[in-house]
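Please keep the sequence and the model at hand while reading.

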Amino acid sequence: MRVQTLPVLTLRGSPREQGRQHGEALRGEVAHNLEVYLRRFLTDGRLTPGEVERRAAAYLEVFTRESPRYREEMEGIAEGSGRTLLEIAMLNGRYEILYSAYSAIGMAEAAGGCTAFAASRAVTADGHLWIGQTWDWIPGVRGVLVDLEEDGLRILAFTEAGIAGGKIGMNAAGIGLVVNGLLSNLDDWARLGVPFHLRTAGILRSRTLAEAVARATEGVHACSANFLIARGGGTGSNGAEDVVDLETSPAGWVVHTPTDGMLAHANHFLQPERLAIWQPLREERSSTYLRCERMAQLLAERTAAGPLTVSDLEALLRDHHGRPDSICRHPNPRLPQEERSETVFAVLMDLDALEMRYAAGAPCAVPFRTLSLV
């Protein structure tokens with residue numbers, strides 16, 4: 001079992017200053033991720049270095065057009081890490097570069113396999129709103145937890161070394177985000193829409209659920225993605241509880257809400273017919289269906305026995321039913337090396353207490369640690 005340390009960085013100052021702090025602290029990790037992705041672009045996406053550079057340059061223009069603030073942070077990361085801005089743009093646009101390639105060749109397994117859930121106050125033992133997920137991805141990719149502040153709003157988030165903002169996390173207003181990669185036949189990097197990582201950063205900067213939903217859905221989508229967003233009792237909250245799951249695609253988006261206070265999602269559209277799309281998954285019953293069904297089953301069984309405790313929530317993410325392609329995922333020896341994925345990060349977020357419990361690797365082997373925004 002590969003166990004890695006997960007740095008925790010406190011980033012303050014202007015976007016450029018925060019980016020520079022990120023780059024300086026993670027210089028080696030940024031270089032490592034560049035090496036990993038350049039290799040996987042070729043082996044997974046069948047993309048030559050020249051083609052990757054062309055797409056990265058196109059997305060650098062998109063970041064500049066859509067968010068000068070985000071571009072400033074990327075510039076700071078480049079300066080701090082000693083890499084070129086184009087290299088950092090490649091990391092920040094890697095979702096669109098890789099996922100459109102996955103869709104084109106039907107490489108579902110290589111797209112990783114995140115399993116997410118939400119549990120409302122009505123079904124938890126402490127009466128708090130919880131969301132969580134396993135983040136299954138390329139073995140060896142270097143991650144980081146960032147504690148940052150923007151316009152007085154504190155944010156605690158997970159991201160990859162070299163990628164600005166955050167992709168999974170929560171803020172002091174009680175907004176929380178977990179994500180799932182999705183594939184559709186319409187995914188195409190060349191649409192040059194609002195990039196996935198710019199969307200997640202925007203969601204985590206939001207102070208209201210309406211603002212977060214807008215960040216997830218507005219503008220053109222080049223590739224499909226799922227955003228499970230919740231609002232707990234953070235600063236400025238009226239105490240109301242809100243949970244929405246947004247399946248987005250180039251064809252539009254669909255909203256799902258909890259049933260009996262619970263919601264589960266993995267790496268497939270729950271109702272693709274509503275968007276008139278089809279999913280280029282290699283197996284009709286691939287692991288995404290099994291993981292989603294298993295998460296929903298575990299939530300139902302455990303709540304039938306009583307309210308969900310923190311130990312119950314941790315057990316959800318440690319589940320090995322269907323191993324290796326389980327919720328707590330391990331490399332599948334039946335797949336080629338370049339197509340294997342594993343749980344790189346697992347997280348539980350209490351959006352009322354504003355606490356994050358995380359494991360820097362497969363939670364069956366790595367203990368959960370706690371960080372707080374309070």
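Helices (H or I, at least four residues) and strands (E, at least two) are DSSP runs, numbered from the N terminus.

Apart from neighbours within four places in sequence, the contacts of Leu228 include Ala116, Phe117, Ala118, Ile131, Val243, Val244 and Leu263; contact means heavy atoms within 4.5 Å.

## Basis of the model

The model is predicted: local features need pLDDT of at least 70, side-chain atom pairs count only at pLDDT 80 or more, and totals for chains, interfaces and linings use all residues. Residues are numbered from 1 along each chain as its sequence is written, and side-chain values use heavy atoms, with hydrogens and water left out.

## The chain as a whole

The chain contains 10 helices and 14 strands. Its radius of gyration is 19 Å, close to the 21 Å that the globule rule gives for 374 residues, so the chain is as compact as a globular protein of that length. The radius is taken over C-alpha atoms, and the rule is 2.2 Å times the number of residues to the power 0.38. Along the principal axes, the C-alpha atoms fill a box of roughly 55 × 45 × 40 Å.

Of the 374 residues, 61% are buried. Among contacts with a separation of 6 or more, 66% are between residues 24 or more positions apart. The accessible surface is about 13200 Å², and carbon and sulfur atoms account for 49% of this area; the areas come from the Shrake-Rupley method with a 1.4 Å probe, and for residues only the protein chains shown count as cover. The chain carries 38 positive and 47 negative charges, whose mean positions are 3 Å apart. Lys and Arg count as positive and Asp and Glu as negative, while His and the chain ends are not counted; each charge is placed at NZ of Lys, CZ of Arg, CG of Asp or CD of Glu.

## Aromatic pairs

There are 10 aromatic pairs in the structure. Rings of Phe, Tyr and Trp (its six-membered ring) pair if their centres lie within 6.5 Å; planes under 30 degrees apart count as stacked, over 60 as edge-to-face and the rest as tilted. Phe63 and Tyr70 form a stacked pair, because their ring centres are 5.0 Å apart and their planes meet at 10°. Both Phe63 and Tyr70 are buried.

Phe196 and Phe227 are also stacked, because their centres are 5.7 Å apart and their planes are at 25°. This pair links distant parts of the chain, with Phe196 in helix α7 (residues 196-204) and Phe227 in strand β8 (residues 225-231), 31 residues apart. Phe196 and Phe227 are both buried.

Asn92 belongs to helix α5 (residues 85-92) and is buried, because its relative accessibility is 0%. Beyond residues up to four places away in sequence, Asn92 touches Phe63 and Tyr70, as well as Met74, Gly162, Ile163, Ala164 and His197.

In helix α10 (residues 310-318), the buried residues include Asp312, Leu313, Glu314, Leu316 and Leu317. The buried residues of this helix pack against β2 (115-119), β3 (130-137), α9 (287-305), β12 (342-350) and β13 (355-359). Ala346 lies in strand β12, and its 0% relative accessibility means that Ala346 counts as buried. Among the residues touched by Ala346, leaving out those up to four places away in sequence, are Leu317, Tyr358 and Phe368.

## Backbone exceptions

Most residues other than glycine have a negative phi, and most peptide bonds are trans. The bond from Arg323 to Pro324 is cis, with omega near 15°, and Pro324 lies in the loop between α10 and β12.

Leu192, which is not a glycine, has a positive phi of about 55°. Leu192 occurs in the loop between β7 (175-181) and α7, and is partly exposed, with a relative accessible area of 26%. Asp260, also not a glycine, has a positive phi of about 55°. Asp260 is located in the loop between β10 (252-256) and β11 (262-265), and is exposed, with a relative accessible area of 65%.

Notes:
Buried < 20%, exposed > 50% of the residue type's maximum accessible area, 1.4 Å probe, protein only.
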